[in-house]
Amino acid sequence: MKNTILTLQQRKQNQQKITMLTAYDYTTAKLMDDSGVDCLLVGDSLGMVMLGYESTVSVTMEDMIHHSKAVAKGAKNALVVTDLPFMSYHASVYDAVHNAGRLIQEGNAQVVKLEGGRAFCEHIKMITQASIPVIAHIGLMPQSVLALGGYKVQGRDYQAAKDIILDALAVEQAGAAAILLECVPADLAKFITELVSIPTIGIGAGHGCDGQVLVYQDMLSMYDGVSSKFVKSFAPIGDQMKQAFADYCQEVKQQQYPASMHEFAIDGEIMIQLKSEFSK
């Protein structure tokens, strides 16, 4: 059965954890959907993990629509949530509603996600009034990384923690269907989860949230170097992929692949005729 935003609400009420992973293409989306992942997030993180950008700020609406449409084709059961990218909703409420509508109509998303708390409550309200569910992303907001001074844990002092709580309450009041909490202390995230009636999805926010989300390239160790503290490697797929690519190159160069078992046959008499006709 296809998951909806009501499914997430029911999960919170029944104290059942929600699972979410990023997805950016049909094949990966189908694998995740078949595995029972509740929600697929077409995040603007695709700018870095799929397009090679240094941050999310270069991602366009066209990028998001293109990838969202592909993911939606592979998601038979999972709820598809797609990010509104940088500057697609900041300038005006009209832009917010218009571009949210594009993600639904052209990208086949079911829910849109935007970064921001109290400052974007009017945007959330009007998108919701257009019958488009919204997930509000608060705490660490990657689109605002320049203003935040880098990728840092948010809400560690009293005022910062209070601001995140006020953001959570405000977006709930504005009509947000759920809240994504990124890189906030676990106790603060747990308190917010208990304070609001809508589901919370955490990334680097501890186990007290109603659900969890990870970038799938992170949880499959598809990057070299040190990952974030909150990331757990569930399988060394990155190493396995590199080894498979290296093995392929070696077997081709040593003429071990393709072997006879990988080839298609043709009648020998036909080849004799062809060689007789075309050989010089």
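Analyst: Start with Cys 209, which counts as buried at 0% relative accessibility; buried means under 20% relative accessible area, exposed over 50%, partly exposed in between, with a 1.4 Å probe and protein chains only. This is a predicted model, where local features need pLDDT of at least 70, side-chain atom pairs count only at pLDDT 80 or more, and totals for chains, interfaces and linings use all residues. Residues are numbered from 1 along each chain as its sequence is written, and side-chain values use heavy atoms, with hydrogens and water left out.

User: And Cys 249, buried or exposed or in between?

Analyst: Cys 249 is partly exposed, at a relative accessible area of 38%.

User: OK, core. Which residues touch the most other members in the largest nonpolar core?

Analyst: Leu 40, Leu 84, Ile 127 and Leu 181, out of 57 residues. A nonpolar core is a set of buried Ala, Val, Leu, Ile, Met, Phe, Trp, Tyr and Cys residues joined through side-chain atoms within 4.5 Å. Helix α8 (residues 158-174) gives the most to this core, seven residues. Helices (H or I, at least four residues) and strands (E, at least two) are DSSP runs, numbered from the N terminus.

User: What is Leu 181 in contact with?

Analyst: Beyond its neighbours within four places in sequence, its contacts include Ile 138, Ile 164, Ile 192, Ile 203 and Cys 209. Contact means heavy atoms within 4.5 Å.

User: Pockets now. How much space lies in the largest pocket?

Analyst: About 1,100 Å³. On a 1 Å grid over the protein atoms alone, a pocket is an open set of points where a 1.4 Å probe fits, with protein on both sides within 12 Å along at least five of seven lines; lining residues have an atom within 4 Å of a point. Points are joined across faces, edges and corners, and the volume is the space filled by probe spheres set on them.

User: Which residues lie nearest its centre?

Analyst: Glu 182, Ile 203, Asp 218, Ser 228 and Phe 230, from a lining of 45 residues.

User: And the second largest pocket, which element gives the most to its lining?

Analyst: β1, with four residues. That pocket holds about 330 Å³ of space and is lined by 19 residues.
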